[in-house]
Amino acid sequence: NEVIEIFTQVSSQVVQLLDACLQSGTDNDGKRRARVFRCLGSWFSVGALQLDDPNLHKLLGAVFEALTNTSSSSSVHEAASDCICNALLLIGETSKPAPLAQVLVLGVYSLENAYHMSVAQEDQDRSVNYCRIFTELAESLLEEIIRHPGQGLGDFRTLDLLLTCVGHYDYEVAEITFNLWYRMSEVLYKENNEALNGLFERLHPAPHRCSLSSLPAGS
């Protein structure tokens, strides 16, 4: 696409501009930060960024910092979550951008403590945001998890994060993960590999809350 190519050619300048906007603002400038994260997320969604750009990786660090910062406003937290989810969609493509994947995966793993904090503080909106990110990561890396279980991008920590969300006291948070478990069961069924099935059954037994018996009354 010619338009995307033109966007990609100028994307490094855009990233530098967004970084400058963050640097020129203050930590309390929530509106500015939310706008920067939304803009970056839009560029991820159209696939017009140079994914090996070190400045992009640096900017992603600021996004993850906002996600772990308990003082981030709800609008900043949501914009940062949307941005990361858009970025994670890219690593689910056939030609995986390895440098970006590493930055994103490690960044998502770093959110585990922040998720537990949101649960302890009963901040459901943040818990939902974290769960969306964890689920998007698992969706994007599902093929890697099945093909290379426990290795590289198939690291089982991705599924551990989802199982943590399944244990959330609010059913709506756990429900976000259900489509991933369904997709995984479909893939494993098609693979028809007893050894592979046994591995996943031992390491990650089907979450009880994903069973029909756990559905709310009237479902």
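Q: Before anything else, what do buried and exposed mean here?
A: Buried means under 20% relative accessible area, exposed over 50%, and partly exposed in between, using a 1.4 Å probe and protein chains only.

Q: Which label does Asp-155 get, buried or exposed?
A: Asp-155 has a relative accessible area of 19%, so Asp-155 is buried.

Q: What kind of model is this, and how are residues numbered?
A: This is a predicted model, where local features need pLDDT of at least 70 and side-chain atom pairs count only at pLDDT 80 or more, while totals for chains, interfaces and linings use all residues. Residues are numbered from 1 along each chain as its sequence is written, and side-chain values use heavy atoms, with hydrogens and water left out.

Q: Back to Asp-155. Where is it, and what is it in contact with?
A: Asp-155 sits in the loop between helix H7 (124-147) and H8. Contact means heavy atoms within 4.5 Å. Leaving aside neighbours within four places in sequence, Asp-155 is in contact with Tyr-109 and Gly-150.

Q: And how far is Asp-155 from Glu-144?
A: They are 8.6 Å apart in space, C-alpha to C-alpha, and eleven residues apart in sequence.

Q: What does the overall secondary structure look like?
A: The protein has eleven helices and zero strands. Helices (H or I, at least four residues) and strands (E, at least two) are DSSP runs, numbered from the N terminus.

Q: How much of the protein is buried?
A: 44% of the 219 residues count as buried. The accessible surface comes to about 11600 Å², and 50% of that belongs to carbon and sulfur atoms. Those areas come from the Shrake-Rupley method with a 1.4 Å probe; for residues, only the protein chains shown count as cover.

Q: What about contacts across the sequence?
A: Taking contacts between residues at least 6 apart in sequence, 69% join residues at least 24 apart.

Q: Now helix packing. At what angle do H8 and H10 pack?
A: Helix H8 (residues 157-166) and helix H10 (residues 178-191) pack at about 130 degrees, with axes 11 Å apart. That makes H8 oblique to H10. Angles under 35 degrees count as roughly parallel, over 145 as roughly antiparallel, 65 to 115 as roughly perpendicular and the rest as oblique. Axes are lines fitted to C-alpha atoms, for helices over the stretch in contact, and angles run from 0 to 180 degrees between N-to-C directions.

Q: Which residues make that contact?
A: Leu-159, Leu-162, Leu-163 and Val-166 come from H8, and Leu-180, Trp-181 and Met-184 from H10. By class, the contact of H8 with H10 has seven nonpolar, no polar and no charged residues. Nonpolar covers Ala, Val, Leu, Ile, Met, Phe, Trp, Tyr, Cys and Pro; charged covers Asp, Glu, Lys and Arg; the others, Gly among them, are polar.

Q: How do H1 and H3 cross?
A: The axes of helix H1 (residues 2-24) and helix H3 (residues 54-68) come within 9 Å and cross at roughly 35 degrees. The residues of this contact divide into six nonpolar, two polar and two charged.

Q: Switching to Leu-104: where is it, and buried or exposed?
A: Leu-104 lies in helix H5 (residues 98-109), and at 0% relative accessibility Leu-104 counts as buried. Apart from neighbours within four places in sequence, Leu-104 is in contact with Leu-60, Phe-64, Ile-84, Ala-87, Leu-88 and Ile-91.

Q: Last one: what is phi of Glu-122?
A: Phi of Glu-122 is near 55 degrees, a positive value in a residue other than glycine. Most residues other than glycine have a negative phi. Glu-122 is in the loop between helix H6 (112-120) and H7, and at 61% relative accessibility Glu-122 counts as exposed.
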